[in-house]
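The exercises below are meant to be worked with the sequence and the coordinates open side by side. Each one sets a task and is followed by a solution in steps.

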Amino acid sequence: MLYAPLKLFKTKNRIVYLSRQSNEKSLDMILLEQSVKNELPDTEQIFRLRMIPDGFKDKIRYCIGVIGDMYYLATSKLAILDTYSITVSCLRHKKDLKVIQMWHALGAIKKFGLQSVGTKEGRDEKISEAMCMHKNYDYVLAPSKATAQFYMEAFGCRAEKMKICSLPRVDKILENDSAATRFFSDNPALSSKTIVLYLPTFRDREAYVAQELKVEFAEEMNGYHLIVSPHPLFSKVKRDDRFFYNGSYSTIELMKIADVIITDYSACAFEAAILMKPLYFFVPDFKQYIHELGVNVELKNELGFAVYEDAPELCKAIRTGIYDLDALYKFKSKYVENTNTNNSDIIAKFIAILIGQNQN
């Protein structure tokens, strides 16, 4: 009832970005915003980015803000999301509104969305159905045909809705910058160390798993420096100066600086693969995780030599310095097809076509 009168407003030459992932523009949004500005200088770009807060009063404010989301959906030609959006999926929109799902990760090792409904870490089936999870997408960006298969399941989309294109962040990953120079200027004592970066996914056992690595590196890994960079949505991994660094660096900058990268089920594995850095998976809860949630990428089949359930064995493998880069290249090529530096422009040109169709 609230949305119906808003749809009477005239559609403007406007793109609205929606997210519950962060209160700030993501790197993908920042890069795409600039490319769209270059391609469509007269098109307005609006950002509606709000995480759902914890407090009751803040939740009330959030709900009021949803009305603003409705207005911009009713008056825009295009909506771009990087998460599930209540207003996009639950409402009936104007026929000329196009919706692009630009998921916030560069792929999916673990199952998510509709794939995980009914599992321990996924949504309840009734809630998922009531909230129309991942409905109303016209296009979904996928970095490869292999990833598109996972996205079709996770978003409940047909193959014709898949647009094979890497995310804008790939442009930044491949960009030459001065991150390493700045980092070792801020951290001169680490210049002689082998930097090992640990990037875990978002899960309840993150602090416990991180502690296993910390203990092993503190006792057995002389000449190595472990940096623990917890998931941005997870606060239980407390800062420990022994495994930190001076200065402010993004996750992508840290990956460029690192000599070795460790993750578990995080999609950052695909970003590390683009950089062709030795990539390891530390998964002490592998059997439990497979049982409770499940994975899309069979890690032990594709990169079995780099998958470890035991911290001492993982550290032993890292110390050997032996790594199968050919296998990593195959992994990268399978899951991120376009590793050029023009992904933002490709998406912007696609958006220009969609908006042009709306004008005809």
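Two strands are taken to pair if DSSP finds at least two bridges between them. The model to which this is applied here is a predicted one.

**Exercise 1. Determine which strands pair with β3, and which way its side chains point.**

Step 1. Strand β3 covers residues 78–81, and four bridges join it to strand β1, residues 14–19, with the two strands running parallel. In this pairing Y17 stands opposite I80.

Step 2. Four bridges also join β3 to β4, and these two strands run parallel as well.

**Exercise 2. List the buried residues of helix α6 and find what covers them.**

Step 1. Within α6, which spans residues 145–155, the buried residues are A146, T147, A148, F150, Y151, A154 and F155.

Step 2. An α-helix has 3.6 residues a turn, so residues three or four places apart point the same way. With this in mind, the list of buried positions can be traced along the helix.

Step 3. The cover over these buried residues includes the strands β4 (98–101), β5 (139–142) and β6 (162–164), together with helix α15 (325–335).

Step 4. Just after the helix, G156 takes a positive phi of about 65 degrees.

**Exercise 3. Describe the largest cavity and the second largest pocket, and state what α3 gives to each lining.**

Step 1. The count comes to one cavity of 30 Å³ or more, and about 130 Å³ of space lies in the largest cavity. It is lined by 14 residues, of which R20, Y62, D69, S85 and T87 are the closest to its centre.

Step 2. The elements that give two or more residues to this cavity lining are β1, β2 (44–49), α3 and α4, and α3 gives the most, with three residues. By class, the lining of the cavity divides into six nonpolar, four polar and four charged residues.

Step 3. The second largest pocket holds about 190 Å³ of space, and its lining consists of I52, K59, Y62, C63, V66, M70, I86, T87, C90 and L91. Two or more of these residues come from each of α3 (56–74) and α4 (86–90), and the largest share, five residues, is that of α3.

Step 4. By class, the pocket lining has eight nonpolar residues, one polar and one charged.

**Exercise 4. Locate N136 and M276, two residues other than glycine with positive phi.**

Step 1. N136, with a phi near 75 degrees, lies in the loop between α5 (125–130) and β5. Its relative accessibility of 35% makes N136 partly exposed.

Step 2. M276, with a phi near 55 degrees, lies in the loop between α11 (268–274) and β10 (279–282). M276 is likewise partly exposed, at a relative accessible area of 25%.

Terms used: Residues are numbered from 1 along each chain as its sequence is written. This is a predicted model: local features need pLDDT of at least 70, side-chain atom pairs count only at pLDDT 80 or more; totals for chains, interfaces and linings use all residues. Side-chain values use heavy atoms; hydrogens and water are left out. Buried means under 20% relative accessible area, exposed over 50%, partly exposed in between (1.4 Å probe, protein chains only). Contact means heavy atoms within 4.5 Å. On a 1 Å grid over the protein atoms alone, a cavity is a set of points where a 1.4 Å probe fits but cannot get out, and a pocket is an open set with protein on both sides within 12 Å along at least five of seven lines; lining residues have an atom within 4 Å of a point. Grid points are joined across faces, edges and corners, and a volume is the space filled by probe spheres set on the points. Ala, Val, Leu, Ile, Met, Phe, Trp, Tyr, Cys and Pro count as nonpolar, Asp, Glu, Lys and Arg as charged, and the others, Gly among them, as polar.
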